[in-house]
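Subject: Structure handover

Hello,

Here is the structure I promised to pass on. My notes on it follow below.

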Amino acid sequence: MPTNAPTSLLRGAAGRGTATLIAALALALGSACGPSVPSCCAESPEGGASALPTESIWNLESTWQDQRGAAITLASLAGRPAIVTLIFTHCTYACPRIVADLQELSRQLGATRERVRFVLCSMDPARDTPARLAQFATERGLGPEFLLLTSPETNVRELSAALDLPYKALDNGDFAHSNGYVVVDAHGRLLTRIRTLGADSEPAQRAISEALKQ
Amino acid sequence: MTHSAWNSTSTLVCAMLIGGAIGCGRRHATVQSKPPATASPSEPSVSTPLVSVPALTYRPPSPGPNDQKTVTLAPFQLEAHAVTNAQYLDFVGAEPAWQRQRVRAVFADAGYLQHWPGDLEIATSDRDLPVVNVSWFSARAYAAWRGRRLPTQAEWEAVAAVGLLALDGSTELGTMKRILDWYSRPGGAPLQAVRSTPPNCLGVYDLHGLVWEWVEDFNSALLTDDSRGGGSKDNSLFCGSGALGAANPSDYATFMRQAFRSGLRARYTVRNLGFRCAADLVRTH
């Protein structure tokens, strides 16, 4: 894993997750971040991954391809709250329902959906090429708020572990997988987790609404 | 980065002896690295020797209706022993992002390397003990730094089922008893150095009796082939109900490991959880 990223003040000093230390640093950095971002310095002048909070899932240093074939680093997804899950487009049962749940959530968000991202990461890099992801997005009528990503298996495994959304390849080429999704704030910090198909999306809506006020 | 350990021993002898059920012989002497006693604190650690593992048959402990009952794994290589504190110290020296004070919280919890006196300091007596209090992310990063990878659960379990005398350890009642004795011992006992338990017939040490070990797909232990039940099948894995559907109900240790793994999260660290690396077989440098 590449580890030559510049070490920021926050990362270097707050590595062990000592809450008080983080809080103290956040206060110290408050003037640099501006009053609207009191708890974090993600909008510090340097920007980029080194400014992410230490618990952000966007610290994962993998690169993905979206449905347009563009290279996307996970760090670049910071800046907006996001709904993140794992799917595979050949899935005939659970994934279409997960996607339908997320489309319903997007509908419920109304205009604020433009300020969040729905990130669907494929667990099937062998079959889910960018072209296939684009086709899937068209077939399902996914709006521009949906970002579909694919990356080599080792990166999928890492993201799966970070999100605690396990999956397992089956002999027939399909996957067993969890049916949930996670909601993270604009800095990539976990806000809430929806575990089942067809679950009440109210906790997710509330988390997104709170995150947008930050 | 150069690697000197691809010259692992060939264990084709074992593969050739499968049919004859003769056992595969005690060839562990050929894979021993330097005796730990001679390593001075300032001496850099070396990569753990890799043991070549032939195409083993793996029986998933709780196969789903569409899962194969046995899987033949591709030959691969597995480190002869768990990664030691001394080896891990070299890693964090070379990769500062994985030092205790710098590691990001998403990658490791607050217990990460808590048994070390300092960020770049280990007790001399800990040099050859397996490194513990490491997360899955950090274990993976170490493996990548060595040009290796973590073994899959199937690979780890298949080698763990190899006996001291023959590739199929399930017929060795003494081996089974020894394994279960370790699991029945209360935790908290001091760790022992790597290679302090007898090697299996391939020359792999300490798969039982030293520490638990991370595997690449630790978080899929509870998944079956059916996502419709909510993604997991808890009621068919544990204890009695799990054993009923099991391929080999006598291997209770396998279920204990599955239950343990299923309780882990990738950033967790545990004081008796370490790891070892694997490598694909067809790598030449």
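Start with α3(B): B:W136, B:F137, B:S138, B:A139, B:R140, B:A141, B:Y142 and B:A143 are all buried. Please keep in mind that this is a predicted model.

The helix spans residues 136-145 of chain B, and eight of its 10 residues are buried, so the rest of the structure largely encloses it. What provides the cover? Helix α6 (153-163) of chain A contributes, together with α2 (85-94) of chain B. Just after α3(B), B:G147 has a positive phi of about 75°.

Now the chains as a whole. Chain A has seven helices and nine strands. Chain B has seven helices and seven strands. Along the sequence, the chain B elements run α-β-β-β-β-α-α-α-α-β-α-α-β-β. Of the 214 residues in chain A, 44% are buried. In chain B, buried residues make up 44% of 285.

Contacts across the sequence come next. In chain A, take the contacts with a separation of 6 or more: 64% of them are between residues 24 or more positions apart. In chain B, among contacts between residues at least 6 apart, 75% join residues at least 24 apart.

Two helix pairs are worth a look.

The pair in chain A is α4 (residues 94-109) and α7 (residues 202-213), which pack at an angle of about 50° with their axes 11 Å apart. That angle makes α4(A) and α7(A) oblique to each other. Their crossing is right-handed. From α4(A), the contact uses A:L105, A:Q108 and A:L109; from α7(A), it uses A:A204, A:Q205 and A:I208. Sorted by class, the residues in this contact are four nonpolar, two polar and no charged.

The pair in chain B is α5 (residues 173-184) and α7 (residues 252-262). Their packing angle is about 35°, and their axes are 10 Å apart. Here α5(B) passes α7(B) in a left-handed crossing. B:I179, B:L180 and B:Y183 of α5(B) meet B:Y252, B:A253 and B:M256 of α7(B). By class, this contact has six nonpolar residues, no polar ones and no charged ones.

Then the core. Which residues touch the most other members of the largest nonpolar core? They are A:I83, A:V84, A:V119 and B:V159, out of 116 residues. Helix α4(A) supplies the largest share of this core, with seven residues. In soluble globular proteins, nonpolar side chains tend to be buried together.

Leaving out residues up to four places away in sequence, B:V159 touches B:V53, B:L78, B:L202, B:V204 and B:L207.

A:A176 lies in strand β7, residues 175-177. Is A:A176 buried or exposed? A:A176 has 24 other C-beta atoms within 10 Å. The cut-off for buried is 20 or more, so A:A176 counts as buried. The C-alpha atom of A:A176 is 9.7 Å from that of A:A94, although the two residues are 82 apart along the chain.

Over to you.

Best wishes

Technical notes
Residues numbered from 1 in each chain as written. Chains lettered and ligands numbered in written order. Predicted model: local features only at pLDDT ≥ 70, side-chain atom pairs only at ≥ 80, totals over all residues. Helix = DSSP H or I, 4+ residues; strand = E, 2+ residues; numbered from the N terminus. Buried ≥ 20, exposed ≤ 12 C-beta atoms within 10 Å, placed from the backbone. Contact = placed C-beta atoms within 7 Å. Axes fitted to C-alpha atoms, helices over the stretch in contact; angles between N-to-C directions. Parallel < 35°, antiparallel > 145°, perpendicular 65-115°, else oblique. Left-handed = near helix turned anticlockwise from the far one by under 90°. Nonpolar A, V, L, I, M, F, W, Y, C, P; charged D, E, K, R; others polar. Core = buried A, V, L, I, M, F, W, Y, C linked by C-beta atoms within 7 Å.
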